[in-house]
Structures are given as structure tokens and as C-alpha cells.
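Morning, everyone. Please have the sequence and the model open side by side. I'll be quick.

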Amino acid sequence: MITANTVTAKKRTMRLLRLALVIAVFVTAAAAEEFDRSKFYLNEVRGTVLRLRGLDTDTSAPLSLRDLAAGGALRAADSYTIHLTPGRSNSITYKYNPTVVDDKSQALFVAFQEDSGLETAFGLSDRTRLSFSETTTTRTNVLGTFLSGSRVRTMGMVQDFGSGTAASTLKFSRTQTKTMVAGARDVNRTDDSLELATGFAEGWTMNLKAAQFETDEGLTGITGSSFATGLTTPFSGGPATWSYATSQQEGNGLDLRTESFSAALPVAIRGNRADIAFGNTFQERNGVRARSENLSVALPLKISGKDTKWAFANTYNNNFGAVSKSRTWDLALPLRISGEDVTWAYSSLYQTDVGQLTKSQNVAMRLPLRFLGEGSVIEHGYQFNYAKGVHTETRKTAFATPVKLLGKAYKLNYVIDGSDVGQGVFESRTTTVEIPFQVDGQAMPTTWSLVRSTGPVKGVATRSQKLDLAMPLEIGPFLVRAEHHSNYTYLNGTHTEVRDTTFAMPLKLFGKQASFQHTIHGQDTGGGMSEARTTYINNPFRLFDKDFGAEETIVTVRQGGVYTKTTTGKLTAPVAEGATVQRQVVETFSPGGRGEQRQMAVTLPKVKLSKKLLLSGQHVSTDTKGVGSSDVTNLSLQAQPLRPFTVEAKYTINDAGMTVPTLTQTQMLGKWSVSDSLSVQGQYNSADVLGGVANSLRVLELVRERGDSGIGLRAGLVSFGNSLPDVDNARRVELSLGDPKGIAVTAAYSEYDPAKMVSLNDDGIVALAVEHGTPDKMAVRWRYEDQPGRIAPAKAFDFAMPALGGTFQLTYAANQLAADGKTIRQASQIDASLARSIGDSLQLQLGYRYLDSRVPDVVDQFVRIQLDGGSEEGSGKIALAYLTGDFCQPDPGQKVPPGSALDLSYIRSWGENGRMVLSVTRRTAPMYTVADGTTEGRLELRKLFW
């Protein structure tokens with residue numbers, strides 16, 4: 001049996017289907033081009049919704065203004081304001097503003113909001129004014145269903161009377177608020193207030209405000225009232241303020257009463273002003289009382305003509321039985337002794353909070369010492385903190401003075417840093433000496449720095465010493481740079497020592513500018529000192545009116561009982577595009593004997609045999625003592641016999657000596673350009689195999705570049721010959737259609753890896769991607785990849801758009817490769833990233849990854865924060881990177897990445913003569929391990945002299 005309700009339900013179902021279809025068409029059309037989202041929804045989607053609602057033949061629903069709008073009688077998609085002034089002091093204003101707001105709980109993630117308001121003002125006389133206003137807000141979804149709304153009505157009256165110092169103003173207002181939410185009961189509230197502001201005499205003013213409210217919120221509703229008064233009176237140091245307030249509130253099981261009093265009194269003392277403030281608050285909630293008191297005094301004085309500071313504050317708070325107290329002192333006494341400015345400051349805090357004691361003290365002092373020389377000063381700072389049963393104590397004393405010796409002014413700095421964090425005293429002493437030195441009137445001082453520290457680290461005794469020496473030397477017409485750095489640390493019974501010495505100077509040999517540099521690097525990590533010495537000489541020369549390059553490097557390494565010496569010489573001849581001859585001798589001395597290897601490498605210049613034929617080659621000869629000699633020759637020939645055809649042939653001969661057969665390898669690369677976008681490319685490789693038949697590889701590809709035509713193709717076939725075991729032919733096809741600015745589709749099927757040219761064992765990879773737009777406006781991309789041997793297909797959806805001053809990208813993916821690039825992770829993955837510029841030179845990159853693994857059921861979250869930019873010569877160059885989990889990369893020499901990595905560096909340079917490098921590196925243990933992490937901090941201050 002079909003009823004009227006059934007017919008109505010079917011009609012509504014068809015209406016919703018039509019509505020969904022229209023919205024889908026609009027969304028698809030909008031995705032193909034740039035659009036204003038607010039105008040699009042208001043003018044297109046919203047109008048369509050209203051018109052479709054008008055197609056409903058269910059006459060049981062009452063006709064509304066929205067139904068009239070659906071028929072075209074009303075189309076209010078734009079904001080407008082109507083303002084009338086029917087008199088000098090009268091005005092009427094009406095405002096209407098429709099907007100689209102984000103609402104993730106609604107279809108298409110948006111909702112429609114309409115704000116309208118009426119404001120009126122009427123002046124009955126110059127001193128009497130009336131006002132009325134009504135503001136309405138309504139929010140609906142894309143189907144026109146009501147979600148929420150509010151209506152606020154306010155009427156008020158203002159009456160002025162009196163004049164001069166007795167001028168007064170009386171204000172009265174009533175506000176009625178109605179809040180509406182779909183599916184819930186409406187909430188009404190009424191607020192009444194009466195305000196009086198009046199003056200008595202010069203400097204005397206008073207404010208009174210009485211208010212009450214009533215609301216039907218909750219089960220019983222809430223009522224309340226309040227009264228507040230403020231008084232301003234003259235005082236010896238200026239205007240004093242007094243205030244008193246009381247309030248009460250009842251309803252819904254809460255009975256709350258409050259009362260407060262406060263005063264702020266400026267007091268004149270000997271031409272200065274002291275400030276005294278006190279106050280107390282009383283509160284009673286359902287019969288339980290609470291109170292708080294506070295007192296503060298700030299007393300400025302002048303001592304020796306200098307402004308001083310003395311402040312005290314005391315508070316008491318009983319928060320319904322939870323008692324807390326605090327007392328603070330703050331003193332600052334700048335003095336002048338023997339014509340010098342001396343500063344001394346002290347502050348303290350004593351606080352208890354629910355029985356928990358907190359104490360702190362801070363002392364700072366600065367004392368010039370003119371009798372030691374102008375510019376001499378001693379500074380001292382002390383800090384003490386006690387909280388949660390643990391105390392920390394730090395202190396620092398610094399002494400700086402110029403010293404005159406042999407008519408020159410030296411600078412001496414001595415700093416003592418001490419700390420105690422409950423494990424004992426840790427102390428560091430730093431001595432720095434700066435010796436003046438000038439070359440051609442330019443200051444280049446010698447610096448000498450010594451840092452010594454002793455104390456516990458994590459409960460273990462440690463001591464360290466660091467020495468840095470940088471000095472310029474003038475030898476004849478040349479400026480020589482000499483530096484020495486050493487760092488010694490003893491921790492947990494193990495000592496480490498690192499030494500670096502550098503000597504560099506320019507030379508002039510055979511009329512050409514040359515250079516010489518000698519470095520010594522020593523390191524001892526508990527197993528004995530290992531040392532590496534490097535001597536480098538760069539000596540270019542001129543022969544037959546040609547400039548030749550000559551370099552010689554000698555590296556000696558001594559570790560334990562093994563001594564290795566490596567001598568490398570490189571000669572560059574100005575022939576064609578350059579020919580080089582490099583000679584290297586490696587000698588090893590150990591208790592087991594002496595080893596030696598000699599190697600000679602000759603690289604020929606590129607020789608043009610004709611306009612379309614280019615030849616190049618290299619020969620490397622290696623002779624190892626006790627093993628034999630080997631020769632490797634490489635020849636390369638590039639040719640273009642026809643204009644659209646290019647070919648390159650490479651031939652390698654590997655002669656490993658008399659006892660091993662000579663192996664050869666041939667490689668041919670060819671490309672035939674049919675047109676600007678279409679080409680045929682081929683490759684042939686053949687390599688000898690010891691004890692077998694030569695392996696061969698043949699590749700043939702047809703390539704069509706997508707270009708502006710929007711169609712791209714790459715089809716390839718690979719065959720493997722004489723392989724053990726035999727490998728079948730492999731194919732690869734990739735097709736791309738369209739333009740990413742509109743819609744682009746890419747599909748690929750591959751049975752071999754195009755990068756390594758190896759077969760995928762008949763498990764062909766199928767990949768599909770669809771993309772639209774560009775990141776500078778809005779871009780979306782969908783990706784899919786599967787393979788017969790894969791545990792699950794990989795899927796991903798990418799979204800990118802400009803936001804927050806940069807480019808924002810959001811990705812949802814499933815079954816992606818893990819950080820090792822080999823394991824397929826059965827997990828859902830959400831990535832969010834933001835790249836933007838800060839100012840003119842800083843680049844910020846933020847990344848977040850949420851990983852929900854299905855096997856096992858584990859949730860991981862990783863972050864990436866990178867900030868870099870700036871200029872070394874300007875305010876400095878900064879680089880900050882904080883990475884966790886998947887964003888981390890293994891350090892050099894490590895296979896497993898750390899759990900998190902922090903790298904911070906700041907570099908500041910002053911031309912060619914000074915440079916400061918501050919770096920902090922922190923690595924935590926790899927994920928799911930219990931190993932220890934590492935933290936390293938380094939500060940380098942260096943003067944470069946040459």
C-alpha cells in the first residue's frame with residue numbers, strides 16, 4: 001500500500017539525489033580552474049539548494065522566506081548596509097552579511113551563516129539619548145537545515161547632568177540574549193546594568209555600577225547581581241585609587257558570593273614617588289570560604305645621585321583549603337665609588353604552595369677597577385633555586401683588564417663558572433689573552449684561550465682542558481698563519497684527547513704564487529694516540545708560455561704499530577681541454593713488514609678528430625708490492641654521423657697481470673631524434689666474466705616527451721644474454737596524458753628497474769597517478785602502485801596549496817616503503833608539511849607524520865623542523881634541524897638511523913679575518929633500542945691570518 005508519506009519520502013529522496021548531482025558537477029567544474037570559494041558557494045551551490053528546495057511538492061510544510069528565495073523572488077548573496085540619519089542626533093542602520101564558514105562536521109566541510117543587525121539611536125535632547133539594537137545570527141548546512149543561531153536585543157539610555165568638576169553621566173541598559181541550537185532547548189538570558197560616573201571636586205571622581213542577570217540555563221536557571229565602586233582621590237605622590245566590589249550568584253546547585261577591596265597609594269618621599277598597593281578578596285562557595293591578601297611596596301631612592309630600587313611583595317591565598325604564600329624582595333643599588341659606577345642587585349623569592357616550598361636568590365654585581373688600568377672590571381653573579389626538594393646553584397665571576405707590556409696593550413679575561421645541581425660542584429675556569437699584532441695597519445691579534453673544568457657529570461667525576469692558540473707570523477713579505485687546538489677530557493675512568501696544529505703560508509716559486517700548508521691531527525680515545533700529518537704544496541709554473549699546475553700532497557698516519565705514508569702528485573697540462581698526470585705512492589710499515597703500492601693515472605684531453613667525432617681516454621696503472629701490477633684503460637668516442645643520430649662508444653680494458661686473463665667491457669649508447677619530442681634510444685653493454693661467457697645487455701626504448709601537447713610515451717624492451725641463470729626479456733611502458741594545470745594521468749607497467757637495468761623477476765610493477773593543479777594555487781594527486789609479490793598495493797592522495805605564507809601539503813598514504821627503502825610497511829600514513837620564507841633570507845620547513853601500523857597495532861608520530869638562511873657577513877647564518885623517526889638519516893659510518901636528531905649551527909664571519917662557529921649536535925638511540933644517545937656542543941672562535 002502506498003501512502004502520501006511514502007510518496008513524499010520518495011520525492012525528498014529524488015530531490016536529495018538531484019542536489020548531490022548538481023553539487024558534484026559544481027565541485028568538479030570548480031576544481032578545473034581557480035575560483036573564490038566564498039562566492040562560489042554563495043552564488044552557485046546555495047542558490048541551487050534553495051531552488052531545489054522549491055521543487056518540493058510537500059504542501060504540509062509552511063512556506064518560508066527561503067522557499068521564496070528558491071523561486072527567485074529573493075537572492076541575497078552579497079553583503080549590504082543601509083544607513084539613515086533622519087535628524088542631527090538620530091540614526092538607523094541595518095546590516096546584512098552572508099558568509100561561508102568552515103565546519104568539518106557538515107557536507108563539503110562548510111556551512112552558511114547569515115548575520116543581520118539593526119541599530120538605532122535617538123537624541124531626545126542634548127543630554128538625553130536612547131538606543132536600541134538587535135543582532136541575529138543563523139547558521140545552516142548546504143541542504144538549508146538549521147544548525148544554530150542567536151538573537152541579541154539591547155536597549156539603553158544615557159543621561160548627562162552637571163558640569164565642570166561635577167560633570168556626571170548616568171547609563172542604563174538591558175540586554176536580552178537568545179541562543180538556539182538544533183535539537184536542544186533554547187536558552188534565554190536578561191542582563192540589566194546601571195552605571196554612574198560623577199565628579200566631586202578637582203581630582204575627586206567616583207564610579208558606581210550595579211548589575212543583575214537572569215537566565216533559564218540548566219535545570220533551575222541562574223540569577224545573580226553585582227555592585228562595584230571605584231574612587232580616585234588626590235594623594236601626596238599623585239592620584240590614589242580605591243575600589244570595592246561584591247557579587248552573588250545562585251542556581252543549578254551553586255551558591256557563590258564574592259567581595260573584594262583594593263587600593264593603590266602613591267607616596268611622595270624626598271622628591272621621589274613610592275607606590276604602595278594592597279588588597280584582599282573574600283569568596284564563599286556553597287558554604288565553603290576562601291580568601292586572599294596581597295601587599296606590595298616599591299620605594300625608589302637616590303644614593304650618590306643614582307636612582308635605586310627597593311621593592312617588596314607579600315601574598316596569601318587560601319583557595320578553599322589549599323593555602324599558598326609568597327614573599328619577594330627586589331633591590332638594585334647603583335653606586336659611584338671613586339668616580340666609577342658600581343652596580344649591585346639582589347632579588348629573592350620565598351613561596352609555599354600546598355605545603356611545597358620554593359626558594360630562590362639572585363645576586364649581580366659589577367665593579368670597575370680603574371687602578372688596574374682603564375677598562376678593568378670585575379663582575380659576579382649568583383643564583384640559587386630550591387624546588388621539590390632539589391636545589392640548584394650557579395655562580396659566575398669574570399675579570400677583564402688591559403695589560404701594558406713593552407709598550408703594547410694586551411687584553412686579559414678570566415672567568416670562573418660554577419654550578420651545583422645536587423650532585424656536587426662543577427667548575428669551569430677560562431683564561432683568554434689577546435696580544436696585539438698589526439700588518440699594514442690592520443689589527444690581527446694573537447689569541448690564546450685555556451678552558452679547564454672539573455666536577456661531576458651525571459654523578460661521575462670528570463675533568464677537561466681545552467687550549468686554543470691562533471697567531472699571525474710575519475716572515476719576510478709573507479703573512480703566515482699558525483694555529484694550535486687541543487681538547488682533553490676525562491670521564492668515567494676513560495680519557496680522550498684531540499690535537500690539531502696548522503701552519504700555512506704563501507710562497508713565490510718560479511715567479512708564480514704558490515702555497516704551503518702543514519697540519520697535524522692527533523686523537524687518543526683510550527687506545528693510544530693516533531696521528532695524521534698532511535703536507536700540501538701547490539706550485540704552479542710556466543713553461544713554453546703555458547701555465548702548468550703542480551700539486552704535491554704527503555699524508556702520514558701513525559696508529560699503534562702501523563705507519564702509513566701516502567704521497568700524491570698531480571700535474572695538469574694546458575692541452576686542449578686539459579690533461580692530467582697523477583702519481584700516488586702508498587707505503588705501509590708494520591711489525592709484519594713493509595707494503596708498497598704505486599699508481600699512475602693519465603687522463604687525456606678531449607680531442608676532436610673531426611667536427612662530429614670526439615675522443616677521450618684514461619689509463620691507470622697500479623703496482624702493488626708482493627701482488628703484481630694491473631692496468632685499466634678507458635676509451636670514449638662520441639660521434640654524430642647524421643644530424644638526428646648521436647652515438648657514444650665506451651671501451652674498457654682491465655689487465656690484472658700475467659696470471660689473470662684480460663677482461664674487456666664495451667658499452668654503446670645511441671639516440672635517433674625523429675622529431676623534437678619523439679626519439680628512439682638504444683643501449684648495448686657487454687662485459688667479460690672470469691671462467692664464463694661475456695654477459696650482455698640490450699635496451700631499446702621509444703620516448704615521446706609530453707611537452708605542450710599533453711601526451712607522453714616511454715616504451716622499453718630489455719634483453720639479457722649469456723646470463724647465469726638465464727633471465728627472460730623485460731618490458732616497460734609509461735603513458736602520460738593531459739596537463740597538470742588541468743587534469744593529467746600517468747600510467748606505467750615495468751618489468752625492470754630503469755635505473756639499474758636489472759629484471760624484477762617477472763613481477764611487473766603497475767603504477768597509476770592522477771593530478772590536477774599546481775602547488776602555487778591548488779594541486780591534488782592520487783597515486784597507486786602494485787606488484788604481484790607485494791604484500792599490499794601502495795596508495796596515496798596528495799593535496800598542496802598556498803597557506804600560512806608558504807606552501808602547505810597534506811598526504812594520506814597506505815602500504816608505503818619504510819625508511820630503509822626496502823621494507824613495505826602495512827600502515828596508514830598521514831603527512832603534513834609547510835614550506836615558507838621568513839623575512840628575506842630565512843627558509844622554514846615543517847613536517848609531521850602520523851603512522852598507524854596494522855601489523856603490529858602501533859601508532860608512531862614523527863616531526864621535522866628545519867630553519868636555515870641568513871648571511872655570514874650580515875647578522876649571521878643559522879641552520880636548525882630537528883628530526884625524529886622516519887625523517888632521520890643514518891650518520892656517516894652508521895647503518896641504523898637515530899631515534900631523533902638535532903643539529904644547530906650559527907656562523908658569523910667578519911670579512912676574511914674572523915669567524916665564529918657555534919654548533920650543537922644531539923643524537924638519541926635508534927628506535928626500539930636501549931642504547932645511549934650522544935650530545936656534542938662546539939664553539940669555535942678563530943682568527944684567520946694570511
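Which side chains meet in a salt bridge at 3.3 Å, N to O, with R714 as one partner? The partner is E701. A salt bridge here is a side-chain nitrogen of Lys or Arg within 4 Å of a carboxyl oxygen of Asp or Glu. Why would they pair? Side chains of opposite charge can pair when their charged atoms come close.

Some ground rules. This is a predicted model: local features need pLDDT of at least 70, side-chain atom pairs count only at pLDDT 80 or more, and totals for chains, interfaces and linings use all residues. Residues are numbered from 1 along each chain as its sequence is written, and side-chain values use heavy atoms, with hydrogens and water left out.

Back to our pair, E701 and R714. E701 sits in strand β42 (residues 695–704) and R714 in strand β43 (residues 711–721), so the bridge ties together parts 13 residues apart in sequence. Strands are DSSP runs of E, at least two residues, numbered from the N terminus. Now, buried or exposed? Buried means under 20% relative accessible area, exposed over 50%, partly exposed in between, with a 1.4 Å probe and protein chains only. E701 has 10% relative accessibility, so E701 counts as buried. R714 has 27%, so R714 is partly exposed.

How many salt bridges does the rule give? The count comes to 28. Take another one: D160 with R129, where the closest N and O atoms are 3.3 Å apart. This pair links distant parts of the chain. D160 is in strand β5 (residues 146–161), R129 is in strand β4 (residues 128–140), and they are 31 residues apart. R129 has a relative accessible area of 35%, so R129 is partly exposed.

One more pair. E284 bridges to R289, with closest N and O atoms 4.0 Å apart. E284 is partly exposed at 22%. R289 is exposed at 56%.

Last stop, the surface. I711, L735, L737, I743, V745, L768, W782, F797, L810, Y812 and I830 form a nonpolar patch, with about 900 Å² of accessible area together. Patch residues have over 30% relative accessible area and no salt bridge; like charges are joined within 9 Å, nonpolar side chains (Val, Leu, Ile, Met, Phe, Trp, Tyr) within 5 Å. Areas come from the Shrake-Rupley method with a 1.4 Å probe; for residues, only the protein chains shown count as cover. Strands β44 (730–738) and β51 (806–814) each give two or more residues to the patch. V745 is in strand β45 (residues 744–750). At 31% relative accessibility, V745 counts as partly exposed.

Methods
Helices (H or I, at least four residues) and strands (E, at least two) are DSSP runs, numbered from the N terminus.
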